[in-house]
Amino acid sequence: MGETLRSLIVTKYPTPVFAATQLILSFLSLGPSPTFIPLVILLATLRLHAQRIAFHRTRVLELMCSWLVVTMGASMAHYSAATNGLSSSLQSFAAVGVMSTITYMFAMVAIYLDIRFSRQFPTIWAQITFLPVVWAMTWSAVSHISPVGRLLNWSPVSTSHPYGWLLPYTGPLGIDWAVAACAALCSEGAAIWLMGSDEEEQPVFASTSSPDEVSSKKHSRTRNLLTLGALLTVLALPSLYTNIPTRIDTSFDATPLGVACALPVVRKGIHPALKDYIAETRKLTSLAKVILWPESAVTFDSQEERENAFEDLRGTIQQSLIGVAFEESVLEDPSKPSRSRMKRNGLALIHRSQKRGDEVVQYYKRNLVPFTESFSSIPSAAPPAIYTFELGNPRWTTKPEWSSETNYTRPITITSSICLDLAFSSAFSSLDARPALILAPARTWDPTVGLAMWEQAKSRANEMGSMVLWCDGGATGVSGVGGGGISEIMQVGAGSWTRTIGLQFPFDQRRTLYAIIGEWGVLVFLVAFMGGGSVVRHLPALPGRQSFLGIVPALRRFIPGRRGANQGNLIDFAESGETQSLLR
């Protein structure tokens, strides 16, 4: 049975088998919320296929076939989100198809670099771990140039794998590294099986290596593969530990904080008005000290109208802090009043102690949804800031027990982000302290998009070591609290909700390791882990801290150039046709 299956894959019907496998796996793994295991198998299959066709005469046709089936699978996985994204389903589907094509190209570039250069590294460990490093670098670069951040990246969501605990230390790059490391391990094992175990079945290369040297290299490669497998297993073990939320029934080492999302019920398809949100907020103030409205909850045509609305709201909110997400109309060019007006999405923090005009407009949306917002709205360039909310004591404890400060309050550090901005791993890179809570209003148009953005919001919160209050005003949007051991969805669609969360007390504002070193630091570590001392010697040659692309020259410096034919190779460049070995 095994021999027959090997024969079908390697010699009889390799192209149809690989095409069908890639179509199914891309459909399962490349939706709005990619999952870990199908994504690992897809990457392993693409790598194995690329190794097979890299130097065939038919490689262009087979690569086009692979591109076609993967793009089809990814587009079908995004069908629901695409058909509901724009007024024209055809335009939405075409846009998803184009973006899927682009992401496929980036994935194949990473695989090509692995095939072309990994065999030139001096150690087998570096050869094996080169793909994970390139894979992490690739998707880090893509997330910076893509208009939707990490949304279309080939990166798994936080709940589908056991490596989520790495986020405060490595950010999403560590997760991407784990994906590619697992894929490299799977593809190596599949290659060994496909080429068979009998020596007479293996193609013969012109080599000066003795049989003992060849055997030694095989054993060394096996040891390195087992080491990588053991490392991935060890890295998965912390996921067995359950991270429970902070207690909310004590005030000695925790700060209980009531949070809420104001989502008035939509009646007869009419968007709730300002009075509806104020009425809903009034009901929630007795239960929550921080209340958030969804993205674009209300619309203002002028600054005066906005301040009048905030003044009305201040009279009804007691001691709560209200996050008002609004949409306002502004001049496209302030120096030319006659020009057209554009929209801008913002978030203001309103408290009863403020006077007219003192409200904190803390944040304006920085990344606009392509097509839907990009032509009618203005993006902001200002990064998020931290606002300190002074929280008074609850009824069941006295002021002296609550705080030793003169005003008997506890400071709660709060920052903000709006919807798509949370799809970018650099969303909070400008902050010099760790916020306790992230206010994140959103408005998504499809359940799959809502779930994908919810996963992105939780990832950003875990990277920062914070908690996120996610309030989605979409008809099928999901809302909840993420981070700090909490990840459950509180509400789907309209309907306000409240929850009491526990914050560390005293709160440690020191940033996580990932927030300190950023992507550049993580990439340097991954390259050093791959190459050991060979990499470290060249690190001083890297340019400024913000440019992780400076690692590329360092890589070129410690790659010793092409080695002789006696090195164990994955692919022999002089060989072509079906007899090409898949083993190094």
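Predicted model: local features only at pLDDT ≥ 70, side-chain atom pairs only at ≥ 80, totals over all residues.
Me: Where is the place of C419, and what is its phi?

Reply: Locations are given relative to DSSP runs, numbered from the N terminus: helices are H or I runs of at least four residues, and strands are E runs of at least two. C419 is placed in the loop between β8 and β9. Its phi is near 45 degrees, a positive value in a residue other than glycine. S296 also has a positive phi, of about 55 degrees, although S296 is not a glycine. S296 is found in the loop between β2 (290–292) and β3 (298–300), and because its relative accessibility is 14%, S296 counts as buried.

Me: Which residues does P435 touch?

Reply: A contact is read from heavy atoms within 4.5 Å. Not counting residues up to four places away in sequence, P435 touches T413, T415, M464, S466 and F507. P435 lies in the loop between β8 (410–416) and β9 (437–442). Its relative accessibility is 0%, so P435 counts as buried.

Me: Which contacts does R247 have, leaving aside its neighbours within four places in sequence?

Reply: R247 is in contact with A254 and G502. The C-alpha atoms of R247 and G502 are 5.6 Å apart in space, although the two residues are 255 residues apart in sequence. R247 is situated in the loop between α10 (211–236) and β1. Its relative accessible area is 54%, so R247 is exposed. E304, with a relative accessible area of 55%, is therefore also exposed; its place is in helix α12 (residues 303–314).

Me: How many disulfides does a search of the whole structure find?

Reply: A disulfide is assigned when two cysteine sulfur atoms lie within 2.5 Å. The search finds one, joining C261 to C471 with an S to S distance of 1.9 Å. The pair links distant parts of the chain, 210 residues apart: C261 belongs to strand β1 (residues 254–261) and C471 to strand β10 (residues 467–472). Both C261 and C471 are buried. The torsion about their S-S bond is about 65 degrees, so the disulfide is right-handed. As for another cysteine, C65 has 27% relative accessibility and therefore counts as partly exposed.

Me: At what angle do helix α9 and helix α15 pack?

Reply: Axes are lines fitted to C-alpha atoms, for helices over the stretch in contact, and the angle between N-to-C directions runs from 0 to 180 degrees. Helix α9 (residues 172–195) and helix α15 (residues 513–531) pack at about 25 degrees, their axes being 9 Å apart. The arrangement is therefore roughly parallel, since that label applies to angles under 35 degrees, with over 145 roughly antiparallel, 65 to 115 roughly perpendicular and the rest oblique.

Me: Which residues of α9 and α15 meet?

Reply: P172, L173 and W177 in α9 meet Y514, E519, V522, L523, L526 and F529 in α15. These divide into eight nonpolar, no polar and one charged, where Ala, Val, Leu, Ile, Met, Phe, Trp, Tyr, Cys and Pro count as nonpolar, Asp, Glu, Lys and Arg as charged, and the others, Gly among them, as polar.

Me: Which peptide bond is cis, with omega near -10 degrees?

Reply: The bond from F505 to P506 is cis. P506 lies in the loop between β13 (497–504) and α15.

Me: How many helices and strands are in the protein chain?

Reply: The protein chain holds 17 helices and 13 strands. Of its 584 residues, 53% are buried. Among contacts between residues at least 6 apart in sequence, 70% join residues at least 24 apart.

Notes
Residues numbered from 1 in each chain as written. Heavy atoms only, no water. Buried < 20%, exposed > 50% of the residue type's maximum accessible area, 1.4 Å probe, protein only.
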